[in-house]
Amino acid sequence: MPASLCRLVVPALLGVTSLLAGCATEPWVRPYERERLADPIMQVSRDALAAKHFEHIHDVREGARGATGVQGGGCGCN
């Protein structure tokens, strides 16, 4: 193998190997770390009840529902 080709192949193999090694870690979020993600400070809105209310008003006004992570039966009772 020529030296110039070796200069390109070896760093490329090292880079690919390091990228693949980073993907091999499991689980990415451990169960005891999920508590931090569920912390209220991680919410987009600080007032969850008001955000839910505004979302309901938006659903009723626009006549559309879904794609926001809200689950319901579609009867309008939620």
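Guide: Accessible areas come from the Shrake-Rupley method with a 1.4 Å probe. In this predicted model, the accessible surface of the chain comes to about 7,300 Å². Carbon and sulfur atoms account for 62% of that surface.

Visitor: What share of the 78 residues of the chain counts as buried?

Guide: Buried means under 20% relative accessible area. Of the 78 residues, 1% fall in that class.

Visitor: Which secondary structure elements does the chain have?

Guide: There are three helices and zero strands. Read from the N terminus, the order is α-α-α.

Visitor: How does the span of helix H3 relate to the expected one?

Guide: Helix H3 covers residues 48-62, which is 15 residues. From first C-alpha to last it reaches 21 Å, close to the 21 Å expected at 1.5 Å a residue. Just after H3, Gly 63 has a positive phi of about 70°.

Visitor: Which residues form the nonpolar patch on the surface?

Guide: The patch consists of Trp 28, Val 29, Leu 37, Ile 41 and Met 42. Together these residues have about 580 Å² of accessible area. Val 29 sits in the loop between helix H1 (3-23) and helix H2 (34-37).

Visitor: Why does Val 29 count as partly exposed?

Guide: Partly exposed lies between the 20% limit for buried and the 50% limit for exposed. Val 29 has 32% relative accessibility, so it counts as partly exposed.

Visitor: Which elements have the lowest and the highest mean pLDDT?

Guide: Where pLDDT is low, the predicted coordinates should not be read in detail. Among the elements of the chain, H2 has the lowest mean, 80, and H3 the highest, 85. The chain averages 78, and 77% of the residues score at least 70.

Key
Residues are numbered from 1 along each chain as its sequence is written. This is a predicted model: local features need pLDDT of at least 70, side-chain atom pairs count only at pLDDT 80 or more; totals for chains, interfaces and linings use all residues. Side-chain values use heavy atoms; hydrogens and water are left out. Patches are made of residues with over 30% relative accessible area and no salt bridge: like charges are joined within 9 Å, nonpolar side chains (Val, Leu, Ile, Met, Phe, Trp, Tyr) within 5 Å. A salt bridge is a side-chain nitrogen of Lys or Arg within 4 Å of a carboxyl oxygen of Asp or Glu. Helices (H or I, at least four residues) and strands (E, at least two) are DSSP runs, numbered from the N terminus. Buried means under 20% relative accessible area, exposed over 50%, partly exposed in between (1.4 Å probe, protein chains only). The expected span of a helix is 1.5 Å times one less than its number of residues. pLDDT is the predictor's confidence in each residue, from 0 to 100.
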